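Reader: Hi! I'm new to reading protein structures, could you walk me through one?

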Amino acid sequence: MSEPVKPNPTSKYLRTERLPSIWCPGCGIGTTVNCFTRALDGSGFDLDKVAIVSGIGCTGRVAGYLNLDSFHTTHGRAIPFATGLQMANPDLKVVVYSGDGDLSAIGGNHLIHAARRNVDMLVVCVNNFTYGMTGGQVTPTTFQTAVASTTPYGAYEETFNLPRLVDSCGGVYVARWTSYHVKQLAKSMGEALNKKGFRFIEILSPCPTLYLRRNKLGEGLDEMKFYKEKSVIKNGASTTETDLDYRKEIVVGTFVNRERPTNVEAMEARMSEVLGAKYVPYESPGKKPAWA
Amino acid sequence: MSNANPSGTLTGSHYLDGDHACSEGAIAAGCRFASGYPITPSTEVVERLSARFPRVGGRFIQLEDELGASIALLGAVWGGAKACTVTSGPGFSLMMEHIGYAAITETPCVYINVQRAGPSTGLPTQPAQGDMMQARFGSHGDYRLIALCPNSPQECFDLTVEAFNLAEEFRVPVLVMLDEVVGHMTEKVVIPPAEQIKVSERRYTKKKPGEGFKLFEASNGSMVPEMVKAGDGYRIHVTGLTHDERGYPAMNVPTHEKMQLRLQDKIVENADRIVRWEEKDLADAEVVVVSFGITSRVAERAIKAAREQGVKVGSFRLITAWPFPEKQIAELSKKVKAFVVPELNLGQMALEVERVVAGRTKVVPVPHVGGTVHNPETILNKILESVR
Ligand SMILES: Cc1ncc(C[n+]2csc(CCOP(=O)(O)OP(=O)(O)O)c2C)c(N)n1
Ligand code: SF4
């Protein structure tokens, strides 16, 4: 008789009845979810109070697989949805989890303003350098000369450095890892979950089906080896020095970890100052569970 | 139903413009979250909310654009707040994707649209009623919603309260469709004592987590499912994809059919409870003027003048544009010679009247390009023509 299979410690964080996932073999998204569940596991949070919001895309499907209150919203709009959710129910720990196109192209305006406002949320961006779900088109993070379905002769626009963008907008925690760095990523996610304000983690991650195949870069595993060989951990590095280049060195680490009042803290401070006793603070509906 | 919260309700007689009356209606209805992006002639609504909310325990956020504004309120609703956003014309166009998202996710919410002349940037700040078909069909796919058309600041207050109530009752987006004139005209608005304002609370399930609650299950003899909010332990999933009763994506035709039909039927089959209109002088009428918003007040003059000339003309004012009062108009169409339909567009609701009348009697549109209101004489002439 074979040994009984040990339950995977991440299972309790997943809607296992919805598995298998839609993700391709070798896709990095699942690995990042695994790290996220490990971060939750170590956090000691009441999971009933953790809400996950996604936009649209392969990464956008993460919300549906996590056994949390989860919202699969519209393309690019996870951040403003999460802003409303967080402001209306500040007892929630709000996490946005989405793709690079979702967050930085169609959702770019929301990304920069949520960082500027320091809205209290953790944003996890799985950057696979391409639009996965729609078939591998170019995104703001595609490297120059890489081939995408809408840049058949190779991309030629400037590549977005997302940590630098979020840093310059005022995000209080900014990190980059790859899906090879599972230990560091889980730890970083744990750290970010425990912080207040706008936190941003970029994860470089393989899309073997579209990006790797089209650029003749091998399988998911080959990309992992590439991440292993080419990554340099530089915690505290200035985000002006973390630009990425095609097939060159990848700077990873926690780049920014600062303190700044959140948008709600700033709002409350201002209102109290100006209105004094006339200020009636918002009462969270989250304090009274419906069944209590 | 419960009563309005006295702490926010501005009981008394006030001179308010329509936009400000909407803000007070929202507060009285229990709205404590609003998102917005500036656009004339709607901005006064959020300007007042941003001034009033910190004194009544509400939160306003001005987002970076209407795409954000139109989904932030949906997040707030799932967090447990009553919420609205406000816009006009171009902003309303940008909000369409999220009106569809609100419809498919059955998120109770209110969108206030103060209409101005379009298309595109059109004639900024000038009145029109050109978004009526967009209100009905603007988002892609099939869905139903509710749209209310106030014709005075008083009604801006009353119907905004009503909009929040209907949103909760049917778990749909409800649109309050002002036009610029109604938004900017100042009149007396009487706000009753809180205990006289009926407010529908969100229908949260009584089932506890683990007792098999399903977020999109028609239950207890109602087509409208009960709600929960994030953080209560139900571990809900909400998606804009076609979903089953648990809210899980299910990409197949039977699930799609079931979901789509319920989204439609919960409004169509409850139309009698939703549809509101005002009728005048219909008992002997041979001609009926069908109008809404500011146009109904211009039409009043024309109707009076026509009556003075011996024409038996009555008025049917749409208070709900959607669902359209089709039973009532169909019934009237059996009795009268003609419908005259003045509106500040080139004939949008006239199409709906024609559809319902189905050739039984004459329908005479009185189109107007917007920017100004009709000259009452134009309407009068059409009334006279219609009985000739
Ligand atoms: C308004 C809108 N525009 C376009 C789309 C089509 N669309 C679906 S997924 C997607 C791209 C997703 O790419 P990314 O965010 O990088 O996520 P990935 O699939 O790579 O994880 C697009 C453009 C959409 N759903 N909605
Ligand atoms: S298409 Fe790419 S990103 Fe999408 S699941 Fe497949 S490998 Fe992952």
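Reader: Great! Which residues of α3(A) are buried?
Author: The buried residues there are Ala78(A), Ile79(A), Pro80(A), Phe81(A), Ala82(A), Thr83(A), Gly84(A), Leu85(A), Gln86(A), Met87(A) and Ala88(A). Helix α3 of chain A runs over residues 78-88 and is mostly covered, with 11 of its 11 residues buried. Please keep in mind that this is a predicted model.

Reader: Thanks, noted. Zooming out, how many helices and strands does chain A have?
Author: Chain A comes to 10 helices and eight strands. Its radius of gyration is 19 Å, close to the 19 Å that the globule rule gives for 292 residues, so chain A is as compact as a globular protein of that length.

Reader: What does the C-alpha trace of chain A span along its principal axes?
Author: About 65 × 55 × 35 Å.

Reader: And what share of chain A is buried?
Author: Of its 292 residues, 58% count as buried.

Reader: What about contacts in chain A between residues at least 6 apart in sequence, how many of them join residues at least 24 apart?
Author: That share is 69%.

Reader: Changing topic to charges: how many positive and negative side chains does chain A have?
Author: There are 33 positive and 28 negative side chains in chain A. The centres of the two sets lie 1 Å apart.

Reader: Okay, aromatics next! How many aromatic pairs are there over all chains?
Author: A search of the whole structure finds 11 aromatic pairs. One of them is formed by Phe129(A) and Phe143(A): the pair is tilted, with 4.8 Å centre to centre and 40 degrees between the planes.

Reader: Where do Phe129(A) and Phe143(A) sit in the chain?
Author: Phe129(A) is in the loop between β4 (121-127) and α6 (162-169) of chain A, and Phe143(A) is in the loop between β4 and α6 as well. They are 14 residues apart, and the pair links distant parts of the chain.

Reader: Are those two buried or exposed?
Author: Both Phe129(A) and Phe143(A) are buried. They also belong to one aromatic cluster, together with Tyr211(A) and Tyr246(A).

Reader: Nice. What kind of pair do Trp277(B) and Phe316(B) form?
Author: Trp277(B) and Phe316(B) form a stacked pair, with 5.9 Å centre to centre and 10 degrees between the planes. Trp277(B) lies in strand β13 (residues 277-280) of chain B and Phe316(B) in strand β15 (residues 313-318), so the pair ties together parts that are 39 residues apart in sequence.

Reader: Is Trp277(B) buried or partly exposed?
Author: Trp277(B) counts as partly exposed, at 32% relative accessibility.

Reader: Now the backbone. Which residues does the cis peptide bond with omega of about 5 degrees join?
Author: That bond joins Thr40(B) and Pro41(B). Pro41(B) lies in the loop between β3 (33-36) and α2 (43-56) of chain B. The peptide bond from Gly118(B) to Pro119(B) is cis too, with omega near 0 degrees. Pro119(B) is in the loop between β6 (109-117) and β7 (123-127) of chain B.

Reader: Why point these out?
Author: Most peptide bonds are trans, and most residues other than glycine have a negative phi.

Reader: So what is the phi of Thr145(A)?
Author: Thr145(A) has a positive phi of about 80 degrees although it is not a glycine. Thr145(A) is in the loop between β4 and α6 of chain A, and it is exposed, with a relative accessible area of 53%. In chain B, Thr125(B) has a positive phi near 70 degrees. Thr125(B) is in strand β7 and counts as partly exposed at 30% relative accessibility.

Reader: Last one: where does Phe164(B) lie?
Author: Phe164(B) lies in helix α6 (residues 153-170) of chain B and counts as buried, at 2% relative accessibility.

Reader: And what is Phe164(B) in contact with?
Author: Leaving aside neighbours within four places in sequence, Phe164(B) is in contact with Ala26(B), Ala29(B), Cys31(B), Lys82(B), Ala83(B), Cys84(B) and Val110(B). Phe164(B) and Tyr111(B) are 53 residues apart in sequence and 9.8 Å apart in space, C-alpha to C-alpha.

Notes. Residues are numbered from 1 along each chain as its sequence is written. Chains are lettered from A and ligands numbered from 1 in the order in which they are written. Side-chain values use heavy atoms; hydrogens and water are left out. Helices (H or I, at least four residues) and strands (E, at least two) are DSSP runs, numbered from the N terminus. The radius of gyration is taken over C-alpha atoms; the globule rule is 2.2 Å times the number of residues to the power 0.38. Buried means under 20% relative accessible area, exposed over 50%, partly exposed in between (1.4 Å probe, protein chains only). Contact means heavy atoms within 4.5 Å. Lys and Arg count as positive and Asp and Glu as negative; His and the chain ends are not counted. The place of a charge is taken as NZ of Lys, CZ of Arg, CG of Asp or CD of Glu. Rings of Phe, Tyr and Trp (its six-membered ring) pair if their centres lie within 6.5 Å; planes under 30 degrees apart count as stacked, over 60 as edge-to-face and the rest as tilted.
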